[in-house]
Amino acid sequence: MQSTSVQQPRRTYPSITAHGPIRTVAFFPDGKRIVTGGHSDSSTRIWNLDTGEEDGEPLRGHTFPTLSVAVSKSGSDVLTGGADNKVFLWDVNNRQAGRLLFSGPIDSQICSVAFNSTTSPTLVASSGSNGIINIWRVKPDMDSTPLKRISIAGNPTISSIQFSPGYPNLIAVASLDKKARVYDAYTGQQKAVFNGHTTFISSLMWFPSGQRIASGGDKTIRMWDSRTGTPTDESLLGHTQLVKSIAISPQGRFIASGSNDKTLRLWNAVTRVQIGSPITHPSSVNHVAFSPDGKSLLSVTEKSDVYLWEMDYLEVEEGVQLARGVIDGLVSFSSDMRAELRGVLAKEFHDIRQYHAQEMEEQRRLFDDKATDDEGRFDELQKALNDVKETQDIQFVALQEALREASIKQETDIQELQSAISTVIQKHATEFKELRTAQNEFATKQEAKYNDIQQDLRSLQKGIMELGASIKKLPTARS
């Protein structure tokens, strides 16, 4: 039985509506802010939900409207993808220039972006109309080269991607070929594929455990085992037109869905029962999102109306709905029917207990699978280290051989140099000896010439003296 009471939103946001189309929205981890994109001026804007006003400067970098946004677990970074086929990573504290991760041909566009659920390492991904998922690892010295590029056969447009909260290396992908898939973000290996929707899948979400996935498409919401790709429950039926967006509460208890039938619906994920009446909107409900604490639910319409709803009311509505069903049954049913009702209630409680038991078993399997996965990664890492060590050993031996050959060559070169120097020294010694002999001979000759000159001078002096004596002996002329 559905309640006929009408819930009023806690708040509407005309300031956000005034900026034109809203094609994407995401909560910040603090639950007090949201980021929106798709505005007519191609900006991406951050809003304070308490004041309803814009929080800081807009993010400007796209030349066409932003089609998808995502916020990091720390809340310090925003990822945007646009109709201009570009992907930007923004520092919320410095909004002047985003880091361009990808820029592709203008005939394609980025339809979905996502952060993984961890801060170390932090992975980001984008996908679009070309059927390709690009994955990057966020680090200070990162460039635009993807860590991994995954291509889907047939290149269908990818409408939605989301990393697993339980397995940070897994990413779920929904596309217009009516299928959803799970890939390993590091290896690109396909882990599971989901078939069942009759039209394209517009939205998908992981449950908190990482063991199940919910997808929205055609007029239904379907739930799947993320490891096998098999349905886990009956489809949730109620919408009369295409389901555009789904969201799962942080505890995994509720599923919210928005549709072209202009309604927002809330479902109990355990009993698969719709809670209360559909909440009617003035136009198609294009986006729904739970706040990180699960206490609020955001809905955005095709006409860009933004509503914030209290989850406390919806939980009360669920209790009232169950109580009314019990009271009506007690009033109208016979004792036999009441006994049957007790049996039904007992079965429901049994199903709930069984569900929680399954959840616990899934958590145990999650731990075991993760341990196995970690062990496999450790083995791969050990093998890689062994390969590196073997390569280094080979390189070290080669280096030693090269050094030995270089040492021998150097020793040979030194010996040749020493021999050349010795030859030059001997040659110079011989030349010096010859020069010394020539100098001695020259000195002897010079000394002999000097002695001859001295002898000539003495002879000349003697002659002069004799001439003087002869002159004195001549008679003096008389007057």
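Two strands count as paired if DSSP finds at least two bridges between them. Helices (H or I, at least four residues) and strands (E, at least two) are DSSP runs, numbered from the N terminus. You're looking at a predicted model, where local features need pLDDT of at least 70 and side-chain atom pairs count only at pLDDT 80 or more, while totals for chains, interfaces and linings use all residues. Residues are numbered from 1 along each chain as its sequence is written, and side-chain values use heavy atoms, with hydrogens and water left out.

**Stop 1: the S2/S3 hairpin**

Select residues 24-27, strand S2, and then 33-37, strand S3: the two pair in the antiparallel sense over 4 bridges. Thr 24 sits opposite Gly 37 of S3. There are 5 residues between the strands of this hairpin, and Gly 31 takes a positive phi near 75 degrees.

**Stop 2: the S9 to S12 sheet**

Next, pick out an open sheet of 4 strands, in the order S9-S10-S11-S12 with antiparallel pairing. Its edge strands, each pairing on one side only, are S9 (110-115) and S12 (148-151). On average, neighbouring strands here are turned by 15 degrees against each other, direction ignored. For that angle, axes are lines fitted to C-alpha atoms (for helices over the stretch in contact), and angles run from 0 to 180 degrees between N-to-C directions.

Zoom in on S10 (residues 122-128) and S11 (residues 132-138), an antiparallel pair with 6 bridges. Val 124 has Trp 136 in S11 as its bridge partner.

**Stop 3**

Jump to Asp 218, in the loop between S18 (212-217) and S19 (220-225). Its phi is near 40 degrees, a positive value in a residue other than glycine. Asp 218 counts as buried because its relative accessible area is 8%.

Then try Arg 272, in the loop between S23 and S24 (274-280). Phi of Arg 272 is also positive, near 65 degrees. Is this residue buried or partly exposed? With a relative accessible area of 34%, Arg 272 is partly exposed.

**Stop 4: Lys 262**

Select Lys 262, in the loop between S22 (254-259) and S23 (263-268). At 40% relative accessibility, Lys 262 counts as partly exposed. What does Lys 262 touch, leaving aside neighbours within four places in sequence? Its contacts (heavy atoms within 4.5 Å) are Ile 279, Thr 280, His 281, Pro 282, Ser 283, Ser 284 and Val 285. Show His 239 too: Lys 262 and His 239 are 23 residues apart in sequence and 9.3 Å apart in space, C-alpha to C-alpha.

**Stop 5: the S1-S27-S26-S25 sheet**

Here is another open sheet of 4 strands, ordered S1-S27-S26-S25, with antiparallel pairing. S1 (11-12) and S25 (285-290) are the edge strands, each pairing on one side only. S26 (residues 296-301) and S27 (residues 306-310) pair in the antiparallel sense over 5 bridges, and Ser 299 has Tyr 307 in S27 as its bridge partner.

**Last stop: helix H3**

Finish with Ile 464, which lies in H3 (residues 335-473). At 53% relative accessibility, Ile 464 counts as exposed.

Definitions and conventions
Buried means under 20% relative accessible area, exposed over 50%, partly exposed in between (1.4 Å probe, protein chains only).
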